[in-house]
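Here's a quick briefing to read alongside the structure. Take a look at the picture first, then work through the points below.

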Amino acid sequence: MSQRKVSWACARVVKACSKLSSTQKLIWLEHYGLANGKDGAAWISASGLGRRLNLARVTVERERQNLLRFDLIAKKDRGAGRTDDWFPQLPSCCRPTRLRLTDDEVEEYAEQLDRLIATRSATSL
């Protein structure tokens, strides 16, 4: 699973999203920062990420599951004994097509992401 590395414009959309908690944003942004390989993957365990961010492993695991449900990260199993690949991403309806956005454009994309998260949160209850 090779994914396109997300742009800084995508990170701005995530940060502007009102439906994501600060913890979810922090975890997504750390994946974004660690996904610097040619395939755009971050490979870090939940416990390793928790130590970096001063969060419990179970918190990282829970929020990764939420981010997966919201289509904000993708996961690739690399096999027994290996850390999974994590790919920060945005759903296509919320993904900027340009690298430079105005504040108004960031807000529009963030509102689209808010609606998507609200829909997915309501359907999973």
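**Charges and packing at a glance**

On the surface, Asp104, Glu107, Glu108 and Glu111 come together as a patch of negative charge. Keep in mind that this is a predicted model.

**The negative patch**
- Glu108, one of the patch residues, sits in helix 5, which covers residues 103–123.
- With a relative accessible area of 49%, Glu108 is partly exposed.

**Salt bridges**
- Side chains of opposite charge can pair up when their charged atoms get close.
- Glu61 pairs with Arg57, and their closest N and O atoms are 2.8 Å apart.
- These two are four residues apart in helix 4 (residues 57–69), so about one helical turn separates them.
- Both partners are partly exposed: Glu61 has a relative accessible area of 34%, and Arg57 has 42%.
- Arg62 and Glu63 form another salt bridge, at 3.4 Å from N to O.
- Here Arg62 is partly exposed at 47%, while Glu63 counts as buried at 8% relative accessibility.
- Lys75 bridges to Asp84, with 3.5 Å between the closest N and O atoms.
- Lys75 is partly exposed at 39%, whereas Asp84 counts as buried because its relative accessibility is 16%, under the 20% cut-off.

**Helix packing**
- Helix 1 (residues 8–16) has these buried residues: Ala9, Cys10, Ala11, Val13 and Val14.
- What do the buried residues of helix 1 pack against? They pack against helix 2 (22–34) and helix 5.

Terms used
Residues numbered from 1 in each chain as written. Predicted model: local features only at pLDDT ≥ 70, side-chain atom pairs only at ≥ 80, totals over all residues. Heavy atoms only, no water. Patch = residues over 30% accessible without salt bridge, like charges linked within 9 Å, V, L, I, M, F, W, Y side chains within 5 Å. Areas by Shrake-Rupley, 256 points an atom, 1.4 Å probe, with all protein chains shown as cover. Salt bridge = Lys/Arg side-chain N within 4 Å of Asp/Glu carboxyl O. Lys, Arg positive; Asp, Glu negative; His and termini not counted. Charge placed at Lys NZ, Arg CZ, Asp CG, Glu CD. Buried < 20%, exposed > 50% of the residue type's maximum accessible area, 1.4 Å probe, protein only. Contact = heavy atoms within 4.5 Å.
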